[in-house]
Amino acid sequence: MTNVVPFSSALRERSSGAHSGSEGAGFMSDLIKGEGTRDDYVALVAQHYFIYEALESATERMRHDPVAAVFISDKLTRLPALEADLEFLVGPEWRDTIGPLPATKRYVARIAQVAATWAGGFVAHHYTRYLGDLSGGLFIGRLMQRRFGFETNGVGFYLFDDIADPKAFKEVYREQLDAVPWDDAEKERVIDEVLRAYRFNTELFEDLERAKRAAVA
Ligand code: HEM
């Protein structure tokens, strides 16, 4: 018998502090508490668009990588839903009205950089976004529906139509994380990259908060 902690558990434990930091960022917690406005929500959707554009073109580049490929599933793809959400929320000219905030630019640049060279780094970013979307994301989506009266239009990003059982999907994903033949040094690098991904998300919430204050000032 072995007492070695599975990689997926180590990853979750080592990132739980960073998760609380992201979850607790003012912009996000206001949105969750019902203190955010519809415009705040739209601003977040717009930033997600740039992040998933980067993540999902990285996914295309990594599709045939022997390590990364096992994590890739078209059931996760979010970009078409984000495009439809923005069309609904902003209107047909949405592409001309949105732009990436500074934290989003840094986040996107990092995703592009690791996806070109490093499967472990790609998996770190893939894990941080999609496992989050299949966890707290589902709850956030339901809250936004209730708060702003959306049915499916406007919250398509949070609706994984092709994943009937998110819990089971996440369990398989964790088993795949546990099965990757990374040595300890590589596992450490992947954990560090997950922490970095969380930091980008926290910084994004800070930028969104700043942009909001600047708009009302
Ligand atoms: C208010 C915002 C958030 C709430 C309420 C929330 C809530 C949760 C909850 C309840 C879980 C545990 C689900 C489970 O055990 O299966 C979870 C997991 C997770 N969340 Fe969040 N979350 C939020 C924001 C975020 C953000 C901003 C990120 C990063 C982009 C994120 C990434 C993750 C990840 C990667 C997991 C999976 C951890 C694992 O089991 O390995 N979450 N979240």
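Helix α3 (residues 38-62) packs against α10 at an angle of about 135°, with the two axes 11 Å apart. The model is predicted: local features need pLDDT of at least 70, side-chain atom pairs count only at pLDDT 80 or more, and totals for chains, interfaces and linings use all residues. Residues are numbered from 1 along each chain as its sequence is written, and side-chain values use heavy atoms, with hydrogens and water left out.

Helices here are DSSP runs (H or I, at least four residues), numbered from the N terminus. Axes are lines fitted to C-alpha atoms over the stretch in contact, and angles run from 0 to 180 degrees between N-to-C directions.

Angles under 35 degrees count as roughly parallel, over 145 as roughly antiparallel, 65 to 115 as roughly perpendicular and the rest as oblique. α3 passes α10 in a right-handed crossing, meaning that the near helix is turned clockwise from the far one by less than a right angle.

Contact means heavy atoms within 4.5 Å. On the α3 side, Asp40, Ala43, Leu44, Gln47 and Ile51 meet Leu204, Phe205, Leu208 and Lys212 of α10. By class, these residues are 6 nonpolar, 1 polar and 2 charged. Ala, Val, Leu, Ile, Met, Phe, Trp, Tyr, Cys and Pro count as nonpolar, Asp, Glu, Lys and Arg as charged, and the others, Gly among them, as polar.

Helix α2 (residues 26-33) also packs on α10 (residues 184-216), at about 75° with axes 7 Å apart. α2 and α10 are therefore roughly perpendicular to each other. Gly26, Phe27, Met28 and Asp30 of α2 touch Phe205, Leu208, Glu209 and Lys212 of α10. That contact has 4 nonpolar, 1 polar and 3 charged residues.

| Helix pair | Angle | Axis separation |
|---|---|---|
| α3 and α10 | about 135° | 11 Å |
| α2 and α10 | about 75° | 7 Å |

**Two residues of α3**

Ala54 lies in helix α3. Ala54 is buried, with a relative accessible area of 10%. Buried means under 20%, exposed over 50%, and partly exposed in between (1.4 Å probe, protein chains only). Leaving aside neighbours within four places in sequence, Ala54 contacts Val108 and Ile111. Tyr127 is 73 residues from Ala54 in sequence and 14 Å away, C-alpha to C-alpha.

Glu60 is also in α3. Glu60 is partly exposed, at 45% relative accessible area.

**The iron site**

His19 sits in helix α1 (residues 7-23). Its NE2 is the single protein donor to the iron atom of the ligand, 2.0 Å away. Donors are N, O and S atoms within 2.8 Å of the metal (3.2 Å for Na, K and Ca); water is not among the atoms, so sites may look incomplete.
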